[in-house]
Amino acid sequence: MVTLFATLLSFANDASFYTISTDAKRTALTLRDVKEGNLLSIKDNNGVVLYKESIQKTGIYTKGFDLTSLPDGMYVFELDKDL
């Protein structure tokens with residue numbers, strides 16, 4: 001099971017911009033104030049992109065991820081904005 005999640009969100013100084021909740025089987029990510037075309041990625045310690053998705057709708061983005069098949073380690077959710 002993944003033991004630690006590191007969160008990097010570009011230009012996200014306010015903690016109310018994002019929410020991450022985890023349980024034994026799923027990780028739920030909620031991002032506020034996203035724009036269509038922003039790019040969400042999940043990367044490992046070495047910067048290898050494990051998942052990439054283009055945001056389809058402006059507003060609030062919510063998605064659940066099952067990361068239980070990944071080896072223990074640090075993973076980063078990264079949001080690339082158009083800035």
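Select Y51 to begin: with a relative accessibility of 24%, Y51 counts as partly exposed, a class that lies between buried (under 20% relative accessible area) and exposed (over 50%), computed with a 1.4 Å probe on protein chains only. The model is predicted: local features need pLDDT of at least 70, side-chain atom pairs count only at pLDDT 80 or more, and totals for chains, interfaces and linings use all residues. Residues are numbered from 1 along each chain as its sequence is written, and side-chain values use heavy atoms, with hydrogens and water left out.

**The aromatic rings**

Keep both residues on screen and show their side chains. The structure holds two aromatic pairs, where rings of Phe, Tyr and Trp (its six-membered ring) pair if their centres lie within 6.5 Å; planes under 30 degrees apart count as stacked, over 60 as edge-to-face and the rest as tilted. One of the pairs is Y51 with F65, edge-to-face, at 5.4 Å centre to centre and 80° between the planes. This pair links distant parts of the chain: Y51 sits in strand β5 (residues 49–54) and F65 in strand β6 (residues 59–65), 14 residues apart.

**Strand β4 and its partners**

Select residues 39–43, which are strand β4. Strands here are DSSP runs (E, at least two residues) and helices are runs of H or I with at least four, numbered from the N terminus. Two strands pair if DSSP finds at least two bridges between them. β4 pairs with β5 in the antiparallel sense, over five bridges. Which residue of β5 stands opposite S41? It is K52.

Follow the hairpin of β4 and β5, which has five residues between the strands, and stop at G47, where phi is positive, near 85°.

Then select β7, residues 74–80: β4 and β7 run antiparallel and are joined by five bridges. Return to S41, which stands opposite E78 in β7.

**The whole chain**

Finally, select everything and colour by secondary structure. The protein has zero helices and seven strands, in the order β-β-β-β-β-β-β from the N terminus on. Of its 83 residues, 29% count as buried. Among contacts (heavy atoms within 4.5 Å) with a separation of 6 or more, 58% are accounted for by residues 24 or more positions apart. Switch to a surface display to end: the accessible surface comes to about 5300 Å², of which 51% belongs to carbon and sulfur atoms, by the Shrake-Rupley method with a 1.4 Å probe.
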